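Open the model in your viewer and keep the selection tool at hand. The stops below are meant to be taken in order.

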Amino acid sequence: MLPHPRTGRLFASPVPPGTGWPGDPATATTPVAEDDTAVAELAAAASNLRELDAEVSVCRACPRLVSWREEVAVVKRRSFADQPYWGRPSPGWGSTRPRLLILGLAPAANGANRTGRVFTGDRSGDQLFAALHRAGLVNQPLSVDAGDGLRANKTRIVAAVRCAPPGNAPTPAERITCSPWLLAEWAMVAPHVRVVVTLGGFAWQVALGLLAGQFERPKPKFGHGAVVQLATGQQLLGCFHPSQQNMFTGRLTPAMLDDIFTDARRRARI
């Protein structure tokens, strides 16, 4: 057991549900999906985002991902060796009635898998939340841990795959198994969403699957700044992923991120 870096409360790694981790939506009695059938059934039956987030956060349907995320939570990165690791799936974060939805690929092994909040605690998240703050979409420029007081302005962030995958690469079968969680979440927030921003080409393809039938053929190609007008009146925007590699090489710059999220806020009328 180690102390949470903000609250000082002791936790095991991975963190058992319902033990007091900041922002933990689950309890000890939250139903656990052990396979793809259970994922589909629980996702379809969830009545609200709180229930869905809780069930996502305890999912154990993909053995390889469960093994990896929990191994990382025990072995840890040296710089975080004195901290407990969340070691569970990362549910969506932000507004329950978002006008802007941001879609990424998967949690980072020593980021969200450590902190329990999507895009929190790694360099990609540092870039993302700094840009969101500059655009007025969150209340502070840093997302450090799940108890740091971060709040969203009509914005929600989700990942297509909810567990940290080895090599940042979930398998096709894992993506399929996890997809009912995203489908259920989209169904709950879609009536409010005006703009979807995808972080990277994979998220773009996932979004096109969610939005099937709402755009003209041929299938729109991903690109930074690409815009697709949907039949529902919503809009899809492409953005390079704020990965360390993209930022280091200059493929993506803070100014380019600012352009995307300033435009997204304008289009979403936030």
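At roughly what angle do the axes of α6 and α7 cross, and within what distance do they come? This is a predicted model. Select α6 (172–189) and α7 (residues 201–210) together. The two axes come within 11 Å and cross at roughly 60 degrees. Angles from 65 to 115 degrees would count as roughly perpendicular; α6 and α7 are therefore oblique to each other. The crossing of this pair, α6 and α7, is right-handed.

Now show side chains where α6 and α7 meet. From α6, pick Arg-175, Leu-182, Leu-183 and Trp-186; their partners in α7 are Phe-202, Val-206 and Leu-210. The contact of α6 with α7 is made up of six nonpolar residues and one charged residue, with no polar ones.

Stay on α7 and select its buried residues: Ala-203, Trp-204, Val-206, Ala-207, Leu-208 and Leu-210.

Next, go to the loop between α5 (123–134) and β5 (155–159) and select Gln-140. Is Gln-140 buried or exposed? Its relative accessibility is 18%, and the limit for buried is under 20%, so Gln-140 counts as buried.

Display polar contacts around the Gln-140 side chain. One of its polar atoms lies 3.2 Å from the backbone oxygen of Leu-142. The Gln-140 side chain also reaches the backbone oxygen of Asp-148, at 3.3 Å. Leaving aside residues up to four places away in sequence, Gln-140 touches Phe-129, His-133, Asp-148, Gly-149 and Leu-150.

Which residues form the contact between α5 and α9? On the α5 side, select Gln-127, Leu-128, Ala-131, Leu-132 and Arg-134; on the α9 side, select Pro-254, Leu-257, Asp-258 and Phe-261. Coloured by class, the contact of α5 with α9 shows six nonpolar, one polar and two charged residues.

How values were computed:
Residues numbered from 1 in each chain as written. Predicted model: local features only at pLDDT ≥ 70, side-chain atom pairs only at ≥ 80, totals over all residues. Heavy atoms only, no water. Buried < 20%, exposed > 50% of the residue type's maximum accessible area, 1.4 Å probe, protein only. Helix = DSSP H or I, 4+ residues; strand = E, 2+ residues; numbered from the N terminus. Contact = heavy atoms within 4.5 Å. Axes fitted to C-alpha atoms, helices over the stretch in contact; angles between N-to-C directions. Parallel < 35°, antiparallel > 145°, perpendicular 65-115°, else oblique. Left-handed = near helix turned anticlockwise from the far one by under 90°. Nonpolar A, V, L, I, M, F, W, Y, C, P; charged D, E, K, R; others polar. Polar contact = N/O pair within 3.5 Å; in protein donor to acceptor, adjacent residues only side chain to side chain.
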